[in-house]
Amino acid sequence: MGNCQAIDAATLVIQHPNGKVDKLYWPVFASEIMKMNPGHYVALLISTTTLCQTKDTENCSSKNDNNRNPVRLTRIKLLKPTDSLVLGQVYRLITTQEVMKGLWAKKQAKMRKNQSESAARIRSEPEDNEVTKSERDQPKTAGSCSTGSNTTAARSRTLWQPSLQSISEAAS
């Protein structure tokens, strides 16, 4: 008998979406795998094991060891075509549709986060930066200057007028 674990460390495993598994015994670039599997990206599987199912520190304390179960978390890291696949790692082929769906979900989450942050920022700003009703009702003219945030607005609304100097024509 031999050492089975040594063989596993010397292989590169590629999982297909349909369940098929390829084993390679040499390093290869992600672009080569993508050429052999059109419409797919290559992702590195990152597996971690945690002993706590919740983020609640009271439930994860050493007092409650009997409630702690090992949980395996698997994340993926999408690889660039120039990245090298190394021996001893497990990779997964992901369809283009799945990648786009994930990117879309990530973009939507980022937009929601930005909207909530900007809404919180607006709520927390002091009210003295807001234009009062009386200032809003005043007519805006180029020559009038008001205080506060309207000063900049009044300056930006002034019309540009060329300033030409008069040239006197001397009689010859």
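## Starting at Thr11

Thr11 sits in the loop that links α1 (4–9) to β1. Helices (H or I, at least four residues) and strands (E, at least two) are DSSP runs, numbered from the N terminus. This is a predicted model, in which local features need pLDDT of at least 70 and side-chain atom pairs count only at pLDDT 80 or more, while totals for chains, interfaces and linings use all residues. Residues are numbered from 1 along each chain as its sequence is written, and side-chain values use heavy atoms, with hydrogens and water left out.

Thr11 counts as buried because its relative accessibility is 4%; the cut-offs are under 20% relative accessible area for buried, over 50% for exposed, and partly exposed in between (1.4 Å probe, protein chains only). Setting aside residues up to four places away in sequence, Thr11 touches Leu24, Tyr25, Leu87, Gly88 and Gln89. A contact here is heavy atoms within 4.5 Å.

## The overall picture

The protein has five helices and seven strands. Reading from the N terminus, the elements go α-β-β-β-α-β-β-β-β-α-α-α. Of the contacts with a separation of 6 or more, 61% are between residues 24 or more positions apart.

Buried residues make up 16% of the 172 residues. The protein exposes about 14400 Å², with carbon and sulfur atoms supplying 54% of that. Those areas come from the Shrake-Rupley method with a 1.4 Å probe, and for residues only the protein chains shown count as cover.

## The five-strand sheet

What is the strand order in the open sheet? It runs β2-β1-β7-β4-β5, with mixed pairing across the five strands. Two strands pair if DSSP finds at least two bridges between them. β2 and β5 (71–78) are at the edges with a single partner strand each, so one side of each has no neighbour in the sheet. On average, neighbouring strands are turned by 30° against each other, direction ignored; axes are lines fitted to C-alpha atoms, for helices over the stretch in contact, with angles from 0 to 180 degrees between N-to-C directions.

Now take the pairs across the sheet. β1 and β2 run antiparallel and are joined by four bridges, with Gln15 partnered by Val21 in β2. β1 and β7 pair in the parallel sense over three bridges, and Ile14 has Tyr91 of β7 as its bridge partner. Next along, β4 and β7 are antiparallel over five bridges, with Ala43 standing opposite Arg92 in β7. Finally, β4 and β5 are antiparallel over eight bridges, and there Leu44 stands opposite Lys77 in β5.

## The nonpolar core

Which residues touch the most other members of the largest nonpolar core? Of its 13 residues, they are Leu12, Ile14, Ile33, Val42, Leu85 and Tyr91. A nonpolar core is a set of buried Ala, Val, Leu, Ile, Met, Phe, Trp, Tyr and Cys residues joined through side-chain atoms within 4.5 Å. At least two residues of this core come from each of β1 (12–15), α2 (30–36), β4 (40–50) and β7 (90–95). α2 gives the largest share, three residues.

Leaving aside its neighbours within four places in sequence, Tyr91 is in contact with Leu12, Val13, Ile14, Gln15, Val42, Ala43, Leu44, Leu79, Ser84, Leu85 and Val86.

## Two loop residues

Is Gly19 buried or exposed? Gly19 counts as exposed because its relative accessibility is 56%. This glycine is in the loop between β1 and β2 (21–24). The hairpin of these two strands has five residues between them, and Gly19 takes a positive phi near 100° there. Gly19 and Arg92 are 73 residues apart in sequence, yet their C-alpha atoms are 10.0 Å apart in space.

Asn37 is in the loop between α2 and β4. Asn37 counts as buried because its relative accessible area is 16%. Not counting residues up to four places away in sequence, Asn37 touches His16 and Leu93.
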